[in-house]
Amino acid sequence: MEAADATADTALAARLADDLDGSFEELVDAHAGRLFSIALRILGDRPDAEEAAQDALVRAYRALSSYDATRVRELRLRGWLATILVNICRNRTRVKRVSTVELAFDPGAEPTADPMARRDEKASWARRLAQLPPAQRMAVVLRHVDGLSYAEMAAALGKPEGTLKAQVHRGLVALREAYLAEDRREREEMTA
Amino acid sequence: MTIHDRKGIADPALDSQLPSIEAALGSLAEPAPARLAHRTLVAVGLADDYAVIESPLGPLRVAWNGRGVSTVELAEDDHAFELGFFARTGRRAMRQPELPARLGQAIERRLAGDRRARIDLDLRGHSEFERAVWLKALEIPRGEVRPYGWIAAEIGRPKAVRAVGTALGHNPVPLIVPCHRVVRSDGTIGQYSLGGAENKRTILSAEGLDPDELEGLARAGIRYVGSDTTRIFCLPTCRHARRVTERHRVEFRSAAASRAAGYRACKICRPSVADVAA
């Protein structure tokens, strides 16, 4: 599937090089969802994520209109767009020192306090993900929510692949531990 | 996946009890909100939003995108407007409840005569000549008019009087670019793209001008008005001409006649350029 995406992106890059205004909407249709998802899982807030994704697409358009056709044709859109988005997300979290992630997913609110919450598996994983340190979260989101390759991630984040693999690994271990800890607490409460 | 602990040792017993973390993370991808694509396209100028505002001519539809206001139009309804807009620009327009606050205020101020109210315009797809004509029309103050020939001369194309008329007829943002303030070189009101000549008279009247008086002068062959105290001559609607009291008012049929009488041209309305072109 990733290979199919890459082929589609190469064809799209060629169309963008020929006729930016005529094919930019295709780029939006193909990438708005994934950019929004990445931003949502990094920033933890839907309106923020929507703004960040729109900002990334607008910047992409401006960049594309300033590049010459050869440069546009050679772009690897998935990784390139992720790079733009990651920079926007970093700036936003830097400005918002009190991250909305911490507020939205208050670790003090014990998951076991609300048994209904546990049933929503997706929300639970989103919450656990939000509790990861920012660098690990960024790496895990790009690798496993978006499905970028380590090579694409290295380009987007400006870090060596080895570092990113380690970050993803540590992130997954932390997620597993968080899951197991919640599981244990729940069992203890049931037997108490 | 196989899960390793911190020392990197796999724990298959644990793995079997765990849901796949990778699959769980993959399910955290979400579709983009529906409005994200449209908003992005509007921001870069590949689609537009529009809203309805009131005017002396009735409800107007105003379209805008990230580059500026692209269209001002009288339309029967949203459907007719959207069809016409797409046919003309190749872009979709989506109705919004109202203009963005700042744009709404700027348009209100501009229509009230404040030329400093900043309104970005999206005039893509039009020729340099057309844009030059429209930008020049923007300089005409509320309550005044200039002949087509004046625009032609001011933009350095004194012979292109008819082309100026055509360009004004194609003005995509009437009222904001006040093409209604440009009249025929003989002083009669002339045509108007926003619903015809009658609307032009309505708008000019709303701006404090008397179209009948203007055409009366035109019929009498009066092109310029001067003051025998300053010995300056103006176009009849120039604010300086209108300040001249009846007692000191002198009327001329041509710039040559004004000059022969020892008058010089007003530096504000620059009547002589119009005469050259007419």
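## A four-stranded sheet in chain B

Let's start with chain B, where four strands line up as an open sheet in the order β9-β7-β8-β10, with mixed pairing. The strands at the edges are β9 and β10 (264-265) of chain B; each has a single partner strand, so one side of each is left without a neighbour in the sheet. One thing to keep in mind while looking around: this is a predicted model.

Strand β7 of chain B covers residues 224-227, and it's a handy place to look in detail. On one flank, β7(B) pairs with β9(B), residues 249-252, in the antiparallel sense, and four bridges hold the pairing. β7(B) also runs antiparallel to β8(B), residues 232-234, and here the two are joined by three bridges. You can follow both pairings from one residue, B:Gly226: its opposite number in β9(B) is B:Val250, while its bridge partner in β8(B) is B:Phe233.

## Side chains and a turn

Which residues of β7(B) point which way? B:Tyr224 and B:Gly226 point one way, B:Val225 and B:Ser227 point the other way, and all of them are buried. Going on from β7(B) to β8(B), you pass through a hairpin with four residues between the strands. In that turn sits B:Arg231, with a positive phi of about 60°.

## Chain B as a whole

Step back and chain B shows 13 helices and 10 strands. Its radius of gyration is 29 Å, well over the 19 Å that the globule rule gives for 278 residues, so chain B is more spread out than a compact globule. Along the principal axes, its C-alpha atoms fill a box of roughly 110 × 40 × 30 Å.

How much of chain B is buried? The share is 38% of its 278 residues. As for contacts in chain B with a separation of 6 or more, 55% of them link residues 24 or more positions apart.

## Two domains

Chain B splits into domain 1, residues 37-111, and domain 2, residues 128-277. The C-alpha centres of these two domains of chain B are 30 Å apart. Where the domains of chain B touch, 11 residues of domain 1 are in contact with 11 residues of domain 2.

On the domain 1 side of that contact, two or more residues each come from β3 (68-73) and α5 (101-111) of chain B. β3(B) gives the most, with four residues. Sorted by class, this side of domain 1 of chain B has seven nonpolar residues, three polar and one charged.

## A proline in a loop

Is B:Pro59 buried or exposed? B:Pro59 has 12 C-beta neighbours inside 10 Å, so it counts as exposed.

Setting aside its neighbours within four places in sequence, B:Pro59 is in contact with B:Val52 and B:Glu54.

## Where chain A meets chain B

The two chains touch too, with 31 residues of chain A in contact with 24 residues of chain B. Five helices of chain A each supply at least two residues to its side of that contact: α2 (20-43), α3 (46-66), α8 (121-130), α9 (134-145) and α11 (161-191). Which of them gives the largest share? That's α2(A), with 12 residues. By class, the side of chain A that touches chain B is made up of 18 nonpolar, four polar and nine charged residues.

## A closer look at α9(A)

Helix α9(A) is one of the helices that touch chain B, and it is mostly covered, with 10 of its 12 residues buried. Among the buried ones are A:Met138, A:Ala139, A:Val140, A:Val141 and A:Leu142, and the list also includes A:Arg137, A:Arg143 and A:His144. After the helix comes A:Gly147, which has a positive phi near 85°.

Note on methods
Residues numbered from 1 in each chain as written. Chains lettered and ligands numbered in written order. Predicted model: local features only at pLDDT ≥ 70, side-chain atom pairs only at ≥ 80, totals over all residues. Contact = placed C-beta atoms within 7 Å. Nonpolar A, V, L, I, M, F, W, Y, C, P; charged D, E, K, R; others polar. Buried ≥ 20, exposed ≤ 12 C-beta atoms within 10 Å, placed from the backbone. Pairing = 2+ DSSP bridges. Domains from an automatic or database assignment. Rg over C-alpha atoms; globule rule 2.2 N^0.38 Å.
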